[in-house]
Amino acid sequence: MKLILVTFLLFFSSLSAANNIDLEANMKNMGLAYKNSVRATDLVSFNNAIDEFIELLETAKTADFKQHETASLEGLDKVINQAKQAKQLATTRGLEAAKAPLKSIDELRKKYHELHEPPGFWELLFGK
């Protein structure tokens, strides 16, 4: 009976921990991994950085988004697809070919970060 109880508690605590990630720290690590992939000068370091970036993106998808959950997950999926495309291009055509998908990742980042920015003074005053 004790074994069942311990197993049950471990299972639900791991589920709860998955949703309680430190999204801010994860995003900072994502930014670093992204910068490392952009700055990579060889395929090995690029692959290490882009793999870490993809892993952090997958972790971010488990976060508990308070607002705009659907759009946030959609944005993360788009970034994951671009990162995978960049990795594939880097492997088949070289690092220079991976630069275009990497640039689009930065554009997606800007677009989806706007969803979670607090409203500005004028927006609070007059609305959208």
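At what angle do the axes of helix 2 and helix 3 cross, and within what distance do they come? Here are some notes on this predicted model, starting with that pair.

1. The two axes cross at roughly 155° and come within 8 Å of each other. Angles over 145 degrees count as roughly antiparallel, so helix 2 is roughly antiparallel to helix 3. The crossing of these two helices is left-handed.

2. Have a look at the residues where the pair meets. On the helix 2 side they include Met30, Ala33, Tyr34 and Ser37, and on the helix 3 side they include Phe46, Ile50, Phe53 and Leu57. Sorted by class, this contact has 11 nonpolar, five polar and one charged residues.

3. Now for the largest nonpolar core, which has 25 residues. Phe46, Ile50, Phe53, Leu57, Leu102 and Ile105 have the most contacts inside this core. Helix 2 (23–39), helix 3 (43–60), helix 4 (69–93) and helix 5 (99–113) each give two or more residues to the core. Helix 3 provides the largest share, with seven residues.

4. Beyond its neighbours within four places in sequence, Ile50 is in contact with Ser37, Ala83, Lys87 and Leu102.

5. Ile105 sits in helix 5. Is Ile105 buried or exposed? Buried means under 20% relative accessible area, and Ile105 has 3%, so it counts as buried. Leaving out neighbours within four places in sequence, Ile105 is in contact with Tyr34, Phe53, Val79, Gln82 and Ala83. Of these contacts, Val79 is 26 residues from Ile105 in sequence, yet their C-alpha atoms are 5.7 Å apart in space.

Notes. Residues are numbered from 1 along each chain as its sequence is written. This is a predicted model: local features need pLDDT of at least 70, side-chain atom pairs count only at pLDDT 80 or more; totals for chains, interfaces and linings use all residues. Side-chain values use heavy atoms; hydrogens and water are left out. A nonpolar core is a set of buried Ala, Val, Leu, Ile, Met, Phe, Trp, Tyr and Cys residues joined through side-chain atoms within 4.5 Å. Buried means under 20% relative accessible area, exposed over 50%, partly exposed in between (1.4 Å probe, protein chains only). Helices (H or I, at least four residues) and strands (E, at least two) are DSSP runs, numbered from the N terminus. Contact means heavy atoms within 4.5 Å. Axes are lines fitted to C-alpha atoms, for helices over the stretch in contact, and angles run from 0 to 180 degrees between N-to-C directions. Angles under 35 degrees count as roughly parallel, over 145 as roughly antiparallel, 65 to 115 as roughly perpendicular and the rest as oblique. A crossing is left-handed if the near helix is turned anticlockwise from the far one by less than a right angle, and right-handed if clockwise. Ala, Val, Leu, Ile, Met, Phe, Trp, Tyr, Cys and Pro count as nonpolar, Asp, Glu, Lys and Arg as charged, and the others, Gly among them, as polar.
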